[in-house]
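Student: Hi! Could you walk me through this one while I have it open in the viewer?
Tutor: Happy to. Let's get it on screen.

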Amino acid sequence: MQGMSERQYAAHVGLSRGAIQKAKTAERLVLYPDGSINAAASDARRAETTDPSKTRKPPEPKLKPVPEAAVAAVGDTLREQGLAVPAVGGSTTFLQAKTANEVLKAQERRIRLQKLKGELIERARALALVFRLAREERDAWVTWPARAAALMAAELSASCSDATGQQITVEPASMQKVLEKHVRAHLDELAEVRPDFR
């Protein structure tokens, strides 16, 4: 066989075998004496005799626009790993995007493994635990003056009496009021602290 078969030429031009057979019948193809198709000459003849408005154009590849957030995320991931980062406004290469994707997958697997091992807990659970512990700490401080005032008053009365030789009595109720005032002032200062949970 000198040239292409109908099947080979159909694959070559991207048409069906039936369309090639119709073109052959209409003498729009150049054939060798053995009946095989001369591809180069047939392409030229088809181009001359075919109405351009009736030709099917191959569909253009549809490229989805890449969101800026995705490009920024690729840059951030590469920067965290100490790899080359695309310039601002520059395009990200396929290799950079693939590298960032592999790094992110590895990080995700590491996080999943840490969760399975119990080394990592969910943020909401951690915040709830910190809140509960802070509330318990606050409640302990609020009740502390009532428990400690009597003991402190007795110790202060004893130490003041020893130093001066006179009997000085410190009232537990007044001691409790002073302690409560200072403890509440301290707790108010602590309430102003806002931890940054980022």
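Student: Is Ala-73 buried, exposed or partly exposed?
Tutor: Ala-73 counts as partly exposed, because its relative accessibility is 36%. Keep in mind that this is a predicted model.

Student: Which helix is Ala-73 found in?
Tutor: Ala-73 is in helix H4, which covers residues 68–80.

Student: And how far is the C-alpha of Ala-73 from that of Asn-101?
Tutor: Those two C-alpha atoms are 9.9 Å apart, with Ala-73 and Asn-101 separated by 28 residues along the chain.

Student: New topic: which residues make up the largest nonpolar core?
Tutor: Seven residues: Tyr-9, Ala-10, Ile-20, Ala-23, Leu-29, Ile-37 and Ala-39. Helix H1 (6–13) and helix H2 (17–25) each contribute at least two residues of this core.

Student: What does Ala-23 touch, leaving out residues up to four places away in sequence?
Tutor: With those left out, Ala-23 is in contact with Arg-28 and Leu-29.

Student: Back to H1, then. Which of its residues are buried?
Tutor: Glu-6, Tyr-9 and Ala-10 are buried in H1. Looking down the axis of H1, the buried residues lie within an arc of 105°, so they line one face of the helix. On the other side of H1 you'll find Arg-7 and Ala-11, both exposed.

Student: What covers the buried residues of H1?
Tutor: The cover includes H2 and H3.

Student: H3 has an arginine I'm curious about, Arg-46. What is the nearest side chain of opposite charge to Arg-46, and how far away is it?
Tutor: That's Asp-43, at 4.2 Å. Arg-46 is buried but has no salt bridge, because a salt bridge here needs a side-chain nitrogen of Lys or Arg within 4 Å of a carboxyl oxygen of Asp or Glu.

Student: So what does Arg-46 touch, apart from residues up to four places away in sequence?
Tutor: Arg-46 touches Tyr-9, Val-13, Leu-15, Arg-28 and Leu-29. Tyr-9 is also one of the residues in the largest nonpolar core.

Student: Now backbone angles. What is the phi of Glu-27?
Tutor: Glu-27 has a positive phi of about 60°, although it is not a glycine. Most residues other than glycine have a negative phi.

Student: Where does Glu-27 sit, and is it buried or exposed?
Tutor: Glu-27 lies in the loop between H2 and helix H3 (39–49). Glu-27 counts as exposed because its relative accessibility is 62%.

Key:
Residues numbered from 1 in each chain as written. Predicted model: local features only at pLDDT ≥ 70, side-chain atom pairs only at ≥ 80, totals over all residues. Heavy atoms only, no water. Core = buried A, V, L, I, M, F, W, Y, C linked by side-chain atoms within 4.5 Å. Buried < 20%, exposed > 50% of the residue type's maximum accessible area, 1.4 Å probe, protein only. Helix = DSSP H or I, 4+ residues; strand = E, 2+ residues; numbered from the N terminus. Contact = heavy atoms within 4.5 Å. Arc of directions from axis to C-beta. Lys, Arg positive; Asp, Glu negative; His and termini not counted.
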